[in-house]
Amino acid sequence: MLSARRLTAAKPASSRLLTSAGAARYTTSAAASLLRLGQTQTKAPQPARRQLHTARPTSLLNTPSSLLRAGSSAKAKGPQAVSIGRRNFSGASVHATSAPNDAVAAASELARTGAKIDVKKVLVVGSGGLSIGQAGEFDYSGSQAIKALRESNIETVLVNPNIATVQTSHELADHVYFAPVTPEYLAQIIEKERPDAIMLAFGGQTALNCGVQLDKMGVLERFNVRVLGTSVRTLELSEDRDLFASALKDIGIPVAQSTAVNTVQDALAAASEIGYPVIVRSAYALGGLGSGFAADSAELQALASQSLALCPQILVEKSMRGWKEVEYEVVRDAQDNCVTVCNMENFDPLGIHTGDSIVVAPSQTLSDEEYHMLRTAAIKIVRHMGVVGECNVQYALNPHSLEYCVIEMNARLSRSSALASKATGYPLAFVAAKIGLGWTLPELQNSVTTTTTACFEPSLDYVVTKIPRWDLSKFNHVSRDIGSCMKSVREVMAIGRTFEESLQKAIRSVDPAFSGFAPVAECTPASDAELDALLQSPTDRRLFYLAYAMVERGYGVERLHALTRIDRWFLHKLENICSVHRALQQPHQTLQRLGRSELETAKRTGFSDRHIAALLSRGGAAVAEDDVRAARQQLGLRPFVKRIDTLAGEFPAPTNYLYTTYNAATSDVAFDERGTMVLGSGVYRIGSSVEFDWCGVSAIRALRQLGHKTIMVNYNPETVSTDFDECDRLYFDELSYERVRDIYELEQAGGVVVSVGGQLPQNIALRLHRAAVRVLGTSPEMIDAAEDRHRFSQMLDRIGVDQPAWKELTSAAAAEAFAAAVGYPVLVRPSYVLSGAAMNVAHDAAALRASLAQAAAVSPEHPVVVTKFIQGARELDIDAVASEGRLVVHAVSEHVEDAGVHSGDASLVLPPASLPPAVMQRVRAIGEKVAAAFAISGPFNMQIIMQDGPAGAEPLLKVIECNLRASRSFPFVSKVLDTNFVDAATRAIVGEGVPEPQDLMARPLPYTAVKVPQFSWTRLAGADPFLGVEMSSTGEVACFGRTPAEAYLVSLLSTNGFRLPTPGKTVFVGMDDLTDAKIVQRVAAHFAAAGYPVATDTAATAAVLSSAGVTAKVVDFDYADRRTLRDAVAEHQIDLVVNLAKRRTTSKDDCNYAMRRMAVDFGLPLVNDQRCAAMLIDALEALPKGVSTAKYASQPLNIQTPVAVQSWQQYLDSRE
């Protein structure tokens, strides 16, 4: 067998092939043909294979591996059924008739049935709650790894507190632990489960760091747990900046001049030697956390102070700002076979974190010499470092020469790995897991072709564009500048046959409000000087400033290149788009005058029907999107459907992985299945995240169980739903009205499910319905009635369900009159928005006017409702499923925080801890009334305010919101109650196999689960860590416990950034005039009694604590001076910040804002809600004596592991 290693060494310089669409690909046909397994080839050395612990087909057990690689010796018998990638996890069908390569099939069958190494049970470490820099891509990669292990009949143990993920479902891992991903808790689980091996590469930086610590603690050696794949030593080499630089120098690979340091003074000394400007990079950190540029010593001192508070080591490096940034995804097995799966190029020059940059695959501006130079270097690095599995290597490349240097290497699956997997169809995580089990690339099958091996390097005949999604507008005081520290919350990916087409699809996918590469109203500088400054200093809106400069100000390629250093090739492509843009908006241009050629050019350049309509409307009469659609269809202009093909047509690709394009002449598939479409969640963002991917995957699986052919539409590369073995057909494409109609009509689909993908599908449901698209489940007319605040309120009045006093906005004066009548505060609520966007509490008339202006800007086409804001109340969440208006199942969760905190930022307790049966029955009755009134068939969610009634009366229950779709808490309630709500909802939607109604809340449970939010405050410099009505969390975790307090404590410890304070260190306390003084006093008293010094920054707070017998030291911090603040925090040994101020400030000078910001900037745990603080004290007081101050390893329960660990199944079994 000719190994990929030998292929790499002997590979001639390949020609760069440009398809007619303009996409670049690299191939060596002669070398590739040698890798076809149907031929007799040189045998690769193989280790001795042990007897597997699971049964395998006798024919394979008795067949020598050398024969399995020869097509003449291992012919399949009987009907030849091909399954995607031989994974066939979901049973999805394959849309091709080509017969499989027998040798590949035989070798792959062997790899499916076990491992070459002696492992029976493997621990997979998850990544925890989603945060900036570590998001849904690790649900995808972890799920792939578990699928690979299950396929090999290996028992799996998963540790991941992120209850919203697909990987924590019953269908995947054998044992799931919703527990903190910390070395100490993992040690407990290892001792309990006794796995043979552990996988660290599929849980991001969190899992990697835990693995390194477990090794240092001696846990892995003590329990004889081997690390599968890349060794701990290689992980340490790749993460330690100094060791990594030294390792590369050993093999002659250039690295930037740099010095690794552990103190601020050493950083200053290193920069003096290197010369300014410098870049600071953090070790053992994700998403560039703690990194940044420093132009002088003052900037470096402030940056290094903050960075060293967040990580143990930083690298001070010579800045190469303005160079190209290029990345290679590399796979290597233990036999030294090595392939580069994908290379990607940043649209933005070096200086912007790759997570915040537009990324294009394959690279478009590299010469053949540059491409192969970096490819060769990547393989050399991976071999020298001893990577076994997948990794990526990032380069800086001088645009004016062949000079380059390595920026970093991630010896694990990363955000880029998920992107590369979806860009090529090559399942990197799945292959990496198989390699970890001892299999080699020649023994694994190419999942797309099914006739070639995993040794093939993908060649693409299309272009992929990734664009980040930022939500910076949700936060006060946050700079929109982007740089080396990642700020984007998620990303989108688009596929096209030209860069122009791919880019415009990606821009629209980021936000439906964007029409494509075109100016937007909010990005209109006052002068060219201001525009030049905005182009020179990157922000999250630079792409739109580029569009404004080109379309409105006539900036040329050379001027823009001088300002931005963006490669001229990309700028010329943007100019192509602008040329079409200008032609369409000419005053004389009309839809009637637009010929087929002009319209076809616009569509091939990536323009949407809506964008074309808007541009044509500028010349005179208004043109509607449907008018453009009708005109192009009359001209025979419809998109073609193409397959993702990793070998660019050189071999058949029997894949169901599809995209649409206008740059083609034929479609690759026949449209004869009439499947059911499920619309995915689209881009993850604050308010819509991995929980909706779980809902989409659950719906697809339920439909398959009911015998439906399934079609998934989604464009998010981080998701499990865009793994092509989950559905019968996957369209990696836009979730727009235009594209969904295109696919629906091409596929002649049986119907569309819009209620499991969050708000995005809901927003187009009514338009689809009115365009004769069969929307399944609840009528879109009813969905619209529930989304429209005015109509929804009228419906509640009609059915006798109470709600806060409300009024639809007609003018600012009318709103002020209403607020004066009901009394401030009032809540401003726009319609058709997600995560409370532009929702604000106004305490006076000035705040009300500001809130009304913001709401009108966010949702201009829909009414704004002003409601009375109820203070001091509790909030309940109802997640439910109904069928034809009849309630089927429901769950009631109680918020820990007072009403006024967005439900996505609230901590949810299930089952509720303080609701009497009578209240539970009343809540159920409200659910039944709403289900009947809106004739719901499918999922829905409501929020209810519970307010104390008059003396002696029962509590008042008022509905404040209802969404006729699945909510972000559906995975939580489904897993806690062990009933899949989306499965029931899907059956209700299609009207098949609907379960009988049952009251799950009537059954007492011997456990409680608490879901708590995961925030990413540290990455958003200046953001106020304050909870309010607009959602700001980026993820969530949930854990189980015997009591609500116990579950809350474990959940809190599962969030990134929270830990209990070290005994003897200081607890820093803050409050304001609205804070409940008794809670602050109780918190301080508890920690003081436990031996923790208490401090505060005001005499007033000290006086409040003194009145309760707590002595608090008053510390005068200079919050504005970052250079001295770190030293002051260290001097006073502050280890926990409890700031319970309730008044949101608009000034950065406010001491409570500064205290909260200090906590997150220096990596200190923060408690910022008084109800949460009280529950934390409840939990600590309930612990056995001495646990909350005991050191780790001194006793079984201690400060690091205060609650004994149990698996999910153990909690479920306790019901019996």
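This is a predicted model: local features need pLDDT of at least 70, side-chain atom pairs count only at pLDDT 80 or more; totals for chains, interfaces and linings use all residues.
User: Thanks. And what percentage of the residues count as buried?
Analyst: The chain has 1216 residues, and 67% of them count as buried.

User: How many helices and strands does the chain have?
Analyst: You'll find 41 helices and 40 strands in the protein chain.

User: What share of the contacts with a separation of 6 or more comes from residues 24 or more positions apart?
Analyst: Those residues account for 73% of such contacts in the protein chain.

User: Let's zoom in on a helix pair. At what angle do the axes of H20 and H21 cross?
Analyst: The axes of H20 (residues 557-564) and H21 (residues 568-584) cross at roughly 130 degrees and come within 10 Å.

User: Why are H20 and H21 called oblique to each other?
Analyst: Their axes cross at roughly 130 degrees. Angles over 145 count as roughly antiparallel and 65 to 115 as roughly perpendicular, with the rest oblique, so H20 and H21 are oblique to each other.

User: Is the crossing left-handed or right-handed?
Analyst: H20 and H21 make a right-handed crossing.

User: Which residues make the contact?
Analyst: H20 brings Val557, Glu558, Leu560 and His561, while H21 brings Arg568, Leu571 and His572. Sorted by class, that contact has three nonpolar, two polar and two charged residues.

User: New topic: which residues does a cis peptide bond join around Pro277?
Analyst: Tyr276 and Pro277 are joined by a cis peptide bond, with omega about 0 degrees. Pro277 lies in the loop between helix H12 (264-274) and strand E9 (278-282).

User: And what about the peptide bond from Tyr824 to Pro825, cis or trans?
Analyst: The bond from Tyr824 to Pro825 is cis, and its omega is near 0 degrees. Look for Pro825 in the loop between helix H30 (812-822) and strand E26 (826-830).

User: What is phi for Asp978?
Analyst: Asp978 is not a glycine, yet its phi is positive, about 55 degrees. Asp978 is placed in the loop between helix H33 (970-976) and helix H34 (981-990). With a relative accessible area of 31%, Asp978 is partly exposed.

User: Last one: where is Ala1193, and is Ala1193 buried or exposed?
Analyst: Ala1193 is in the loop between helix H40 (1170-1182) and helix H41 (1208-1213). Its relative accessible area is 64%, so Ala1193 is exposed. Ala1193 also has a positive phi, near 80 degrees.

Notes:
Residues are numbered from 1 along each chain as its sequence is written. Side-chain values use heavy atoms; hydrogens and water are left out. Helices (H or I, at least four residues) and strands (E, at least two) are DSSP runs, numbered from the N terminus. Buried means under 20% relative accessible area, exposed over 50%, partly exposed in between (1.4 Å probe, protein chains only). Contact means heavy atoms within 4.5 Å. Axes are lines fitted to C-alpha atoms, for helices over the stretch in contact, and angles run from 0 to 180 degrees between N-to-C directions. Angles under 35 degrees count as roughly parallel, over 145 as roughly antiparallel, 65 to 115 as roughly perpendicular and the rest as oblique. A crossing is left-handed if the near helix is turned anticlockwise from the far one by less than a right angle, and right-handed if clockwise. Ala, Val, Leu, Ile, Met, Phe, Trp, Tyr, Cys and Pro count as nonpolar, Asp, Glu, Lys and Arg as charged, and the others, Gly among them, as polar.
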